[in-house]
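I opened the notebook to look at how two chains meet. My entries follow the display.

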Amino acid sequence: MTQNPVIPPLSGHVVICNCNEKVRAIVEELHKDTAQKHRDVVLLIQDRNLWQSNPDWHPRPSGVAKVITLYGNPFDKECLDAACIKDANAAIILADPNQGQLADAQSTLMAVAIEKQNPQVHTIQELILSINRDHLKAMNVDEVVCLGEISEKLIAQSCITPGVKNIFEDLLTTAEGTPQIFLPLMEPAISGMSFREISRYCIQVEAPFIIIGFIISPPETLFTREGRNMIKNSFLVNPKKTGKDLRLSEYDKLIIIAYDLPLSIAEYVLSGKGPP
Amino acid sequence: MKLLNLKNSSLRSTLHEIMEPFQYSESSTRASLFMDLFIILCILISCLLIPAEIIFPSHKNFFWVLEIIITTIFIVEYGLRWYSASNRITYPFTVYALIDFIAILPTVLVLAEGLMIFSLARSVRLLRLLRLLRLLRLLKFIRYGVLIFRLLIDFRICVSTMREKTRAGQLEKIFIYTLITWVVGSNLIYFTESHLNHPTWGPYAGYWQSYWNTVIILFSGIEDKAPLSLAGRIEVTVLLIAGICFAGVITGEIVSILVRHMQRSGKITLKPPDSKLERHIIIIGQNKHLHNVIKQVNAALKGRHYILVVCRNADELKAAEPLIYKKVMALQGDALDSRVLDKANLNDALRVVLLSSNFRAGDSTQDIDNRTLMKTLAVVGKNHNIPIVAELQSESNLHSASTLDGVEFVVSRLFGERLASQAVLNPGVTEVYDSLMTFTDDSSEFYTIPVPKDLIGKTFKDAQIFFLDLDEEAIVLAGIDRSPPNRPTTLFKLSPYSKKSGIMTADLRLHERDRLIVIAYEQPTFSDVDINDLWRSNILSWEQTT
């Protein structure tokens, strides 16, 4: 790690490793979201020459959040320390453009290195070959984004239901005035209620969101990060008859489509339910 | 396909499900298919009995017993249909019920005559007429129109594929030449021997005997049945030489079929030139996504439609999973050649998917996209009504590409970047998107459906409650689509009660022209099908005739 500026202590920021042509759109997408526009981003660049020779990859400053560029090897502890990985909220590991189609191995090792430094950080890895997805399950990588898979699935979706691509496009963009999928935690006030009951009360008060499913999380996943991928969260989008009447606990999450994350879902549920 | 839908647990609904004609849709069961095939078989046998009674009068009694058995089956069928009908009062007056009744009536009347119950059919002529009226049973086929049509298409494609695989055309030619040689040779030797030699003696003295001896010469080469005349011997010599040639050619053909079979083992079946596909999906181009696109489309359509892959190296494409590739064919050629598109039966296809070509040395993403765009133009030029999905590498081409109506362009990079950002903002959300994008039996996807008749004029809220309480099919109403028919899902709103959706609550009353955006496990089956959607092929997995 050489010639890096001394950066002020950061917290709750996003670290992006292996910057490639996608980094600009990702940073801009992150800063489009009104709730996230103050989130700082640290770019960890391995290949300085490649980065400098591609100015179109560089994110445009949003004016509110900081975008800090650090040069160095993300496998070095010093480099990760400099990026304040211990206080980071998330780390995105993109595919190294120098590694081509075989970048998955290096990306996964980088994710493991980051997880070792800070097991609390939410790691998101870009995968080149979908065949490698299974191997990542044991590596504690939180989320995997595989462009190839997305392409295949979207093509099939559009083939079956013309226009459905636009729905995903609308949901995925973070721009103001577009809906997104949120996963809010169940609140103690509505704990013990079923999907059917919560949905009904929210529909009755014309809540500005639509509940489409829920995630049942074992309580321990909330408190421990160790081996969290061993405990499979069971999520259910569009529950069937029995799922609709399953009682949800305060550890569970709802899956909703909304324009903004509602401050309190319980508020809508209780007002729909009316006085006891 | 399930044997039975367990969600309909009552006896009446299960019976209704079995008795309903098989529709090739998700809701149709195997039991329904078996029942249809059984009834079709009964109809065929009962109709064949009419000429059989005339041709073989000695077996008249046996045929009559068969006739009574079949009529009993039809009576039971009629009773079951009536019992399971949604409206038992009006059922006997429906078209299909009347046809079923007409199918039973002639035999019942003949039986009644036998039992002396009615005097209606006392004259022999009237009895014959009644028996002939059993032909009206052919009308019962109307009910099974879709099934018979699909079975015929599948049968035709299957036969032409088998012919192509076994090179039946070549073998047919050889067989015809051999037959001609045999017939001509047998006649020639018979006439030579019987006219030039002893007409009553020798191996070729009898007409049919000469046929037998000639075939032995042709296929075994055994010449112990020597003709007595010189001319006959010359003829046999020629036949012996011809026999050697035929044996060689046939052996060669069989070996070639076996070698070809071994060479093509594990590869996608090539589309026979004379086979005509209908209601199929065409995938143009080949890249690393091909297998998974086939897998996804096949999972969505449950193998009901053929998938045709058109690319230059079609003969090398491997069928990775035999079960998935059962209804996948490949056609060799460049999609820019309009003859190749004709061979792919583009005008009879339901959808076209254009995959980006693989990178070649020196190719830029622009080059790849230009190739895809040119192929898209070629397809649009040939058939501008067919829905097309095309894969592009760079978003910079989206603007120019958007001038083509009815074509959806997918740039996966855009979605990947956004999904990565979403994963930061809403941890865990990628799994939800993955589930919504994947076609499996236990995952839901987005569908757009016309507003059910009962919900027209109701509010969006009423519709939400309707779907929440609909336990037969799990459906979540997510939004409303008010796009023009030729540009589906371009003017829609998810979660429309939010102020940010831009729709006033008062405007959330459902109109007939609206479409609902729902999350469901399969294309919802409860809704009426818009005939325009069928014509425009907006609906693939639902084929009920309206």
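Which helix of chain B holds B:Ser412? I found B:Ser412 in helix 14 of chain B; helices here are DSSP runs of H or I with at least four residues, numbered from the N terminus.

Ground rules first. I am working on a predicted model, where local features need pLDDT of at least 70, side-chain atom pairs count only at pLDDT 80 or more, and totals for chains, interfaces and linings use all residues. Residues are numbered from 1 along each chain as its sequence is written, chains are lettered from A in the order written, and side-chain values use heavy atoms, without hydrogens and water.

Next, I checked B:Ser412 itself. B:Ser412 counts as buried because its relative accessibility is 12% (buried means under 20% relative accessible area, 1.4 Å probe, protein chains only). Leaving out residues up to four places away in sequence, I saw B:Ser412 touch A:Leu147, A:Ser151 and B:Leu392 (contact: heavy atoms within 4.5 Å).

Then I took the whole interface. Chain B gives 83 residues to the contact and chain A gives 80 residues. About 7,700 Å² is buried between the chains, with 66% from carbon and sulfur atoms (accessible area, 1.4 Å probe, lost on being put together, summed over both parts).

I looked up the salt bridges (side-chain nitrogen of Lys or Arg within 4 Å of a carboxyl oxygen of Asp or Glu). Chain B and chain A share seven. One of them joins A:Arg196 and B:Asp469, at 3.9 Å, N to O. Helix 14 of chain B, residues 412-425, supplies 13 residues, the largest share of the side of chain B that touches chain A.

Definitions and conventions
Buried area is the accessible area (1.4 Å probe) that two parts lose on being put together, summed over both. Helices (H or I, at least four residues) and strands (E, at least two) are DSSP runs, numbered from the N terminus. Buried means under 20% relative accessible area, exposed over 50%, partly exposed in between (1.4 Å probe, protein chains only).
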